[in-house]
Structure formats: C-alpha cells, structure tokens
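Please read it beside the sequence and the model.

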Amino acid sequence: VIPMTEELGCAISASTVLRDAGVRTQLYCEKKKFKAKMSYADKLGIPYVVLIGEDEIAEGVVAVKDMLSGRQQKLSPEVAAAFIKNAMDERALAAVIKE
C-alpha cells in the first residue's frame, strides 16, 4: 500500500482490510518519490500495488496496479482485497514449470 498524501488514515484502514482478507500487506510510508516507491515494489516482486492519493480518498476507493500487466483499476478497499486474494490464490494453483 503506497499512500500518495500525508494523510495515512485511509492507507492504514486499507491495509487492515487487505490483511483481514488474508492478503500479505506492507504499508510503504517513507517520504520518497513515486518512482522510488514503485521501484521498491518491483524489486521485491510485489504483484499488486495499492495506491491511495487525494482522488482515491475523495472517492472512497483505492487504485490497484497489477505490476505484471501494468493495468490499474479503482476499487473499494473490500473489493480490492477480494480481487487481490483471488488473483494470488489462482497464481498459487498454477502449474510449476520444470526445465
């Protein structure tokens, strides 16, 4: 979860919703530039990044970015948690490629 504003309340509550749904979640609060935050997530191999900016706070949603495809969508925190949980469960069921 990457908060894009000084207001952390929404990011903390979104993180709680994700954790309650069984999604391993890290809240990134360091005061770094956006590119550095995304680079950090990419280095760790994080499949989904949840972004929370002023627009998302005003709309009561979060932006979920799929780091593999680059697609981003706005969802309620509860729907985002279910979406990420289902996607991660599907990835866990995928066949392992053996060389």
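**Note on pockets, cores and cysteines**

1. The lining of the second largest pocket consists of Pro3, Met4, Thr5, Glu6, Leu8, Tyr28, Cys29, Glu30, Lys31, Lys32 and Lys37. A pocket is here an open set of points on a 1 Å grid over the protein atoms alone, where a 1.4 Å probe fits, with protein on both sides within 12 Å along at least five of seven lines; lining residues have an atom within 4 Å of a point. The volume of this second pocket is about 170 Å³, taken as the space filled by probe spheres set on the points, which are joined across faces, edges and corners. Its lining divides into five nonpolar, one polar and five charged residues (nonpolar: Ala, Val, Leu, Ile, Met, Phe, Trp, Tyr, Cys and Pro; charged: Asp, Glu, Lys and Arg; polar: the others, Gly among them).

2. The model is predicted: local features need pLDDT of at least 70 and side-chain atom pairs count only at pLDDT 80 or more, while totals for chains, interfaces and linings use all residues. Residues are numbered from 1 along each chain as its sequence is written, and side-chain values use heavy atoms, with hydrogens and water left out.

3. The largest pocket has a volume of about 520 Å³. It is lined by 23 residues, of which Arg24, Thr25, Ile46, Pro47 and Tyr48 are the closest to its centre. The lining comprises 15 nonpolar, four polar and four charged residues.

4. The largest nonpolar core contains 15 residues, and Val1, Leu18, Val50, Ile52, Val62, Val64 and Ile84 have the most contacts inside it. Such a core is a set of buried Ala, Val, Leu, Ile, Met, Phe, Trp, Tyr and Cys residues joined through side-chain atoms within 4.5 Å; buried means under 20% relative accessible area, exposed over 50%, and partly exposed in between (1.4 Å probe, protein chains only). A second, separate core of seven residues includes Tyr28, Met38, Ala41 and Val49.

5. How many disulfides are there? The count is zero, a disulfide being a pair of cysteine sulfur atoms within 2.5 Å. For cysteine 10, the nearest cysteine sulfur is that of cysteine 29, 13 Å away. Cysteine 10 is partly exposed, at 28% relative accessible area; cysteine 29 is likewise partly exposed, at 38% relative accessibility.
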